[in-house]
Amino acid sequence: MTDLEHQVFTQVRAIISNEEQVIGRRGILIPLKKAIIADGDIRNVIDIVSSDPALAAHMLWRSNSAISGAGVTTKNRSLKDALIRLGQVNIYRYAFTFYLKERLDELPQPYKKLVQGYWSLTESIAAGAVDSLHNMEGVDINPDEVQTLALFSVFGEIIALTAFAFLNAESEESFPLSIIKSLIDNQKQTLTIEAFESLGLDDELKDEFMVAHNLRQTRNPNSPGLVLRRVLSMRNQLLKPL
């Protein structure tokens with residue numbers, strides 16, 4: 001690593017550790033996390049999600065997209081039905097990715113275009129993972145757990161590029177894109193793990209992410225990570241190739 005790359009690497013990691021700077025709008029996520037940690041009445045969670053109509057619509061769409069093709073003939077027609085079925089952990093994961101995507105859309109060019117490319121890949125991986133699950137027999141795996149996990153497939157790359165955009169916006173001189181490309185290529189695992197640890201995501205998501213990327217093994221035949229691992233392998237996206 002060159003001195004300049006090390007300088008950028010250090011500064012990018014510092015930005016990644018700032019949850020509010022990376023994710024942006026926290027008005028919903030903070031009370032949502034508190035309500036989930038308190039493990040209280042689901043009605044509190046419903047009220048919080050309902051306070052943002054765009055998030056509520058997104059939750060309903062995500063919920064129905066996960067069960068589509070699974071032999072389920074009745075879709076969730078109300079937000080309450082969707083949230084009750086999702087479970088609180090998946091609710092937070094979906095909300096986190098929703099506001100992350102909103103933050104990405106605010107980035108200046110050329111970062112916005114580059115991050116949107118990663119996000120398109122993420123959505124494609126998520127759709128492929130859910131389809132793969134629906135074609136499997138003899139497993140008892142929640143499709144929303146597969147979908148929420150898949151939405152973090154290239155999480156490290158997205159967060160690192162976002163942090164680099166913020167770094168360049170704040171610096172007196174602009175760092176070339178080749179530097180962050182090199183860091184993503186060579187320090188992807190470090191950046192990804194630190195992003196998970198810094199941004200308040202649940203331990204189960206991190207553990208299954210490690211399984212999905214072949215960084216950890218599991219004997220659980222119903223692991224969402226094993227479903228995602230097959231898809232990531234076919235797309236050459238594993239942090240540790242098979």
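A residue counts as buried when its relative accessible area is under 20%, as exposed when that area is over 50%, and as partly exposed in between, computed with a 1.4 Å probe on protein chains only. The structure is a predicted model, in which local features need pLDDT of at least 70 and side-chain atom pairs count only at pLDDT 80 or more, while totals for chains, interfaces and linings use all residues. Residues are numbered from 1 along each chain as its sequence is written, and side-chain values use heavy atoms, with hydrogens and water left out.

Aromatic rings were searched for pairs across the whole structure, and 9 were found. Rings of Phe, Tyr and Trp (its six-membered ring) pair if their centres lie within 6.5 Å; planes under 30 degrees apart count as stacked, over 60 as edge-to-face and the rest as tilted.

One of these pairs, Tyr111 with Phe164, is edge-to-face, with 6.1 Å from centre to centre and 75° between the planes. Because Tyr111 lies in helix H8 (residues 111-134) and Phe164 in helix H10 (residues 155-170), the pair ties together parts 53 residues apart in sequence. Helices here are DSSP runs of H or I with at least four residues, strands are runs of E with at least two, and both are numbered from the N terminus. Tyr111 is buried at 9% relative accessibility, and Phe164 is buried at 0%.

The planes of Phe152 and Phe196 meet at 40° with ring centres 6.1 Å apart, so this pair is tilted. Phe152 sits in the loop between helix H9 (143-150) and H10, and Phe196 in helix H11 (residues 177-198), 44 residues apart. Phe152 is buried at 0% relative accessibility, as is Phe196 at 2%. Both belong to one aromatic cluster, formed by Tyr92, Phe96, Phe152, Phe155, Phe196 and Phe209.
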